[in-house]
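Student: Can we go through this model together? I'd like to ask about a few spots as they come up.

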Amino acid sequence: MKLKINNHDWGTIPAHSIAAIQLYCAENNHQFRLNEEEQMVEVKSSLHGKKVWVSVNTPNVSINDEIDEKVSGILANYGIDVSTKSDTGKIRNGDLFIDLVSSKSKGDNKTISVGYNERLNSINVKKNLSIYKDELHFMGYYLMPENHSIPHLRCSMSCEDEEFLLKEGPAILTQCVLKTLLGNQKPNLLDLDILHLLTKSNQTGPADPKAVEKKKASKDIQIDDKTYEEMKMRKANRKVHEVQERKLYAEIYFDYNVIPNRKTERYSIKADLFIKNTGNVDLSNPKICFRVDPPDKIEIGGQILPPEMSEIFSIQGQNGAQGWKYMGKDWLEKAFSTGEYWIESIQETFIPPGETLAVEGLQFTVENLEEQESSTIIGFVLFEDQELQLSSNNKIKITF
């Protein structure tokens, strides 16, 4: 039976190994296909067949085309179906739309921030971009309007150096695409199309006599039963430890009531936001965003304090000031322009595994809309230190 991995020939395999390969593919989210007619087993990573749209917009049009071409060529090697986008029309099908937007910076400073729409529940590309930390400063994440029907990720760069854009832009976009498509799945050599490269590198060049001698000698090494069992135990403990370290997650949801006021033709919404730590690691210092649409028709209230008043009017507990405050001195102006109200805890906050943190007593006032069919309120939570971002499982929506 012939074996193909990511469209590369891997020789032949015995028929009894097919079941094991099927299990491996199922456990690692790989694609498996048995072609009995051609007596062939095909294995492909989960990236194969994904549809990605790419758009590049820098001050230099010729650079845009070149970056587009490079990114398309790189992603095609992973079996990803790539289309470039130059118009402003709405994208209705695909797995991801990623765009690079660049503006000229003042001086030599290079910065990048990452935008995403609500269809991307969780992204974490900061770690992937850390390899550029000496040249490219990461400025954080921001939410974008829902202009497309598919997940949308934007890399917003401020950079004067066109050579840097041309050299590093394709790699930055590629890493963001791979990270977003793979999500929380830990990539392996098959996903990243590295496996066959390593095999080829091992087959090139003459054999090293010392390596051959060492390999022969290794066959004579004997391990007693006690040592073997200790090695197995250490390996099992290491795997458990690794799994525990990886599991950072939370469930976020609203509990709310809508109260109509017929006299004023307005709606009052009383809500609580709950953040339940469903992982196995403490979550710390959540920053919460309430995104309202339309922003000029929805007001927020409740027990949230302006930052300049947080120390004076906050609740005083055993550990000092407690409660929630808006983020930044210009929080209200930003909310009116973007529809995003960002809040954070006044005190340092930790959510242990299995525990729930609640933001209680939220109040939203929605004006009666004439030209818009519905109004929505969506919650997002950012654990910045742990590079974890999540959106609420439900949203508040009123249809007029």
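Student: Gln 39: how exposed is that one?
Tutor: Gln 39 counts as partly exposed because its relative accessible area is 42%. Buried means under 20% relative accessible area, exposed over 50%, and partly exposed in between, with a 1.4 Å probe and protein chains only. This is a predicted model: local features need pLDDT of at least 70, side-chain atom pairs count only at pLDDT 80 or more, and totals for chains, interfaces and linings use all residues. Residues are numbered from 1 along each chain as its sequence is written, and side-chain values use heavy atoms, leaving out hydrogens and water.

Student: Where does Gln 39 sit?
Tutor: Gln 39 is in the loop between strand E3 (31-35) and strand E4 (40-44). Strands (E, at least two residues) and helices (H or I, at least four) are DSSP runs, numbered from the N terminus.

Student: What about the phi of Gln 39?
Tutor: Its phi is near 55°, a positive value in a residue other than glycine. Most residues other than glycine have a negative phi, and most peptide bonds are trans.

Student: And what is the phi of Glu 387?
Tutor: Glu 387 is not a glycine either, yet has a positive phi of about 55°. Glu 387 lies in the loop between strand E23 (374-383) and strand E24 (388-391).

Student: Peptide bonds, then. Is Asp 293 to Pro 294 cis or trans?
Tutor: That bond is cis, with omega near 0°. Pro 294 belongs to the loop between strand E14 (287-293) and strand E15 (298-301).

Student: New topic: is Thr 174 buried or exposed?
Tutor: Thr 174 is buried, because its relative accessible area is 7%. Thr 174 is part of helix H4 (residues 162-182).

Student: What is Thr 174 in contact with?
Tutor: Leaving aside neighbours within four places in sequence, Thr 174 is in contact with Ile 74, Leu 75 and Tyr 78. Contact means heavy atoms within 4.5 Å.

Student: How many helices and strands does the protein chain have?
Tutor: The secondary structure comes to nine helices and 25 strands.

Student: And what percentage of the residues is buried?
Tutor: Buried residues make up 38% of the 400 residues in the protein chain.

Student: Last one, Asp 108: where is it, and is it buried or exposed?
Tutor: Asp 108 lies in the loop between strand E7 (96-103) and strand E8 (111-116). Asp 108 counts as exposed because its relative accessibility is 71%.
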